[in-house]
Amino acid sequence: MMLLEGLNQKQQQAVSASLGRTLVLAGAGSGKTRVLVSRIAWLIHHHQLSPYGILAVTFTNKAAGEMKERLNALLKISVLGMWVGTFHGICHKLLRRHYKQAKLPEQFQILDSDDQARMIKRVLAALNLNTEQWPIKQVQHFINNKKDSGLRAHKVPTSAYGPTQTLIQIYQAYELSCQQAGVIDFAEILLKTYELLRDDPELQAHYQTRFQAILVDEFQDTNAIQYALIRLLTNSHTALMVVGDDDQSIYGWRGAKVENIQQFATDFAPVAIMHLEQNYRSTANILDAANALIGHNEDRVGEKKLWTAGDTGEKVTIYAAANELDEARFVAQRIKMQTLPLNEMAILYRSNAQSRVIEEALLRLHIPYRIHGGVRFFERAEIKDALAYLRLILRVSDNDAFERVVNVPPRGIGEKTQDEIRARAKAHACSLWQAAETLLDEQVLSRRAASALKQFLDLINDLQKRTLHNDLADQMHEIIQQSGLQQHFTKAKHDTALSKLDNLQELVNAAKQFQAEPRDEDLPLLTAFLAHASLEAGESQALVDEAHVHLMTLHAAKGLEFGVVFLVGMEEEVFPSKLSLEEPKRLAEERRLCYVGITRAMTKLFLSYAEVRRLYGKEHYHRPSRFLKELPDELTHHLKLAPKPFKFKSSAAPALQPDIGVAIGQKVRHVTFGLGIVLATEGYGAHARVQVSFEQAGAKWLVLAYANLTYIND
DNA sequence: AATCGGGGGCTTTTT
DNA sequence: GCCCCCGATT
């Protein structure tokens, strides 16, 4: 098998590295995934490792899926026995297998961040703390942050300040609630696995022996607990390869530690360090711009310099827009001018709020687009409601699920009754379900409340029996019907209710699809499906194959590539973000984010900034981003702001222009300037002028009467 | 139980 | 400027 074929020398070196420890510093677009996949194939074919002995960890489910796919194609043997997944996916698998040692109920469920917030809210209420003084988000951040650094509540150092004391109490109370409900949050998945392996030498030895080779992708994004996990799973015989790029570390704000890369070289010495710097994605101009930019950061580990054997390419275009509307219009018009399929173009921004103006401009020119990010399918409220019924059926003591659906849809179990159930559960140290049963037995509730509650308990019991032998999709269907969710949304007063109905139907389809797919899990179907829903929430249903441009944040763009990239909002306080300006460390991360953005582009890169930007209802005069100045002049091409930019009447309606026989967005040809597109018009009659953005010559104002333009209609 | 409106807030986000 | 959350109102 010619595994090294078609790889450059550095890539070959990495793929065929010895079985010791290897650190691969892989620049953007350097063929990192290919190296990882080939490496795994190499281990199997040249070192006779069994797929069972290989553990490959990625950062996202998408990356894991891609790796599995490519392995399947390359290896032509089943990859099912191999552990390929995210840290969370792999730890979850371990916890399921060893739930007893981990002191978890067999049917433990996973809390996503939304569930976690709800749980914290309940805990705060139980502790009589108001959410004004203790904002849920901050509490959540505190807890996750501590867990990510491996700290249990009692281990958190108390500072001299009172707030920490209270936060620790909340942390403790929250943890207790989770245990009682039999649920664990994302951070807990990692922390619990860490403790499990740490405190059980036998188990630890077992997995150290089993995993002869461990490969970790996106190593710069690992946090403290993930790093510690790698250490626990590794012994002196483990063939350990980590791949990362410190220049693309953009998740420091959520606990990722770039330092892990340096740390690795010392902790795991001796480490063979390799650099992948040949880029197969971008033109030389784009790479030079990226190199120059990132050169302004200090403390880089590899000091990599990307290079390409390919073309110099075009210069990077920098457009100075009058305002954010002008910027959006510029982007939309430039997209129209490209010959590339829409799919291969992306508009990247620092924050989601920036997408709006862009969307409006794209709509105006009838350019289909798709925004990446936003609420994902399994995170939708109605989906989670339906799944909560499933959870209750599986385990009635799931307090979190109980709270979620006891009165959804409304069935007359109001706040008062719920409070009584909670109080009883607390007094008897039992589950809400048991408490509800006792309250009914003792006949202490009002007749109305009692009958409503009884109906609910009966419903769940009934669903349990009724669905015992059904397949998953049937079961889902039954739940949606019997729970009243279907009926609840069928009233369809608003169209939002209708789409919720659609989503519930989609959930049945998702279940159908899930049970049809081959799985290597040793879990019951139902359990696996619930885990899939919280661990792999997935993008909202992918409408495949319709040609559209991509809109997303810079963060979301990591790992992707596009022929043409627009990077908008290149202004101080926007990008770099105002909130990162003070601290050098955070500023350096913003610069890396910019580096990520630039290196997404294959052939064309447009950077733009607005002289005036409306933000939070106020006009801001920001200076152009410092990142623009850090790009060498010889690589950039400035498009000058029009001398007198037209004004939009409103952002919603197309600008009203006096009719001079040419529309904005019209494609035109000029005898000397070539192809262009009309950006704006001014005046009328004999004095009418048009601003045309030419593909080659840039934007020019021309007197319509003399310009002799040819109108091009496709 | 649903709806309306006042008030605060406001990067980035995967699992 | 817009959205989300909460509380009060019907």
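User: Let's start with DNA strand C. How does the surface near DNA strand C divide by class?
Analyst: There is 1 nonpolar residue, 1 polar residue and 2 charged residues near DNA strand C. Keep in mind that this is a predicted model.

User: Which residues surround DNA strand C?
Analyst: Lys 121, Arg 356, Tyr 616 and Gly 617. Of the atoms of DNA strand C that come within 4 Å of the protein, sugar and phosphate make up 40%.

User: How far is the side chain of Arg 356 from a phosphate oxygen there?
Analyst: An N or O atom in the side chain of Arg 356 is 3.1 Å from a phosphate oxygen of DNA strand C.

User: Now DNA strand B. Which residues come nearest?
Analyst: There are 26 residues around DNA strand B. Asn 61, Arg 350, Thr 553, Arg 586 and Glu 590 come nearest. Sugar and phosphate account for 53% of the atoms of DNA strand B that come within 4 Å of the protein.

User: And what classes are the residues near DNA strand B?
Analyst: The surface near DNA strand B has 7 nonpolar, 14 polar and 5 charged residues.

User: Which side chains have a polar atom by a phosphate oxygen of DNA strand B?
Analyst: Tyr 616 is one of them, with a polar side-chain atom 3.0 Å from a phosphate oxygen of DNA strand B. For Asn 407 the distance is 3.4 Å. For Arg 376 it is 3.5 Å.

User: Change of topic: empty space. How do you look for it?
Analyst: A probe the size of a water molecule is rolled over the atoms, and this shows where empty space is left.

User: How many cavities of 30 Å³ or more does the structure hold?
Analyst: It holds 6 cavities of 30 Å³ or more. The largest cavity contains about 140 Å³ of space.

User: What lines the largest cavity?
Analyst: The lining has 13 residues. Asp 115, Lys 384, Leu 387, Arg 391 and Ser 534 lie nearest the centre of the largest cavity.

User: Which element gives the most?
Analyst: H4 does, with 4 residues. Among the residues lining the second largest cavity are Leu 55, Phe 87, Ile 90 and Leu 233.

User: What about classes in the lining of the second largest cavity?
Analyst: There are 9 nonpolar residues, 1 polar residue and no charged residues.

User: Leu 55 is in that lining. What is its bridge partner in S6?
Analyst: The partner of Leu 55 in S6 is Ile 214. S2 and S6 pair in the parallel sense, over 4 bridges.

User: Which way do the residues of S6 point, and are they buried or exposed?
Analyst: Strand S6 covers residues 213-216. Ala 213 and Leu 215 point one way, while Ile 214 and Val 216 point the other way. All are buried.

User: Which strand does Val 216 reach by a bridge?
Analyst: Val 216 has Val 242 in S7 as its bridge partner. S6 and strand S7 (residues 239-244) run parallel and are joined by 4 bridges.

User: On to the second largest pocket. How much space lies in it?
Analyst: About 890 Å³. Of the 30 residues lining the second largest pocket, Arg 122, Ala 126, Ser 177, Glu 403 and Arg 422 are the closest to its centre. Helices H5 (113-126), H7 (162-181), H16 (399-405) and H17 (415-428) give two or more residues each to the lining.

User: And the classes there?
Analyst: The lining of the second largest pocket has 14 nonpolar, 6 polar and 10 charged residues.

User: Last one: where is Gly 563?
Analyst: Gly 563 sits in strand S13 (residues 562-567).

User: Why does Gly 563 count as buried?
Analyst: Because its relative accessible area is 4%, and buried means under 20%. Gly 563 and Met 602 are 39 residues apart in sequence, yet 4.7 Å apart in space, C-alpha to C-alpha.

Note on methods. Residues numbered from 1 in each chain as written. Chains lettered and ligands numbered in written order. Predicted model: local features only at pLDDT ≥ 70, side-chain atom pairs only at ≥ 80, totals over all residues. Heavy atoms only, no water. Near = heavy atom within 4 Å. Polar contact = N/O pair within 3.5 Å; in protein donor to acceptor, adjacent residues only side chain to side chain. Nonpolar A, V, L, I, M, F, W, Y, C, P; charged D, E, K, R; others polar. 1 Å grid on protein atoms, 1.4 Å probe; cavity = no way out; pocket = protein on both sides within 12 Å on 5 of 7 lines; lining within 4 Å. Points joined across faces, edges and corners; volume = space filled by probe spheres on them. Buried < 20%, exposed > 50% of the residue type's maximum accessible area, 1.4 Å probe, protein only. Pairing = 2+ DSSP bridges.
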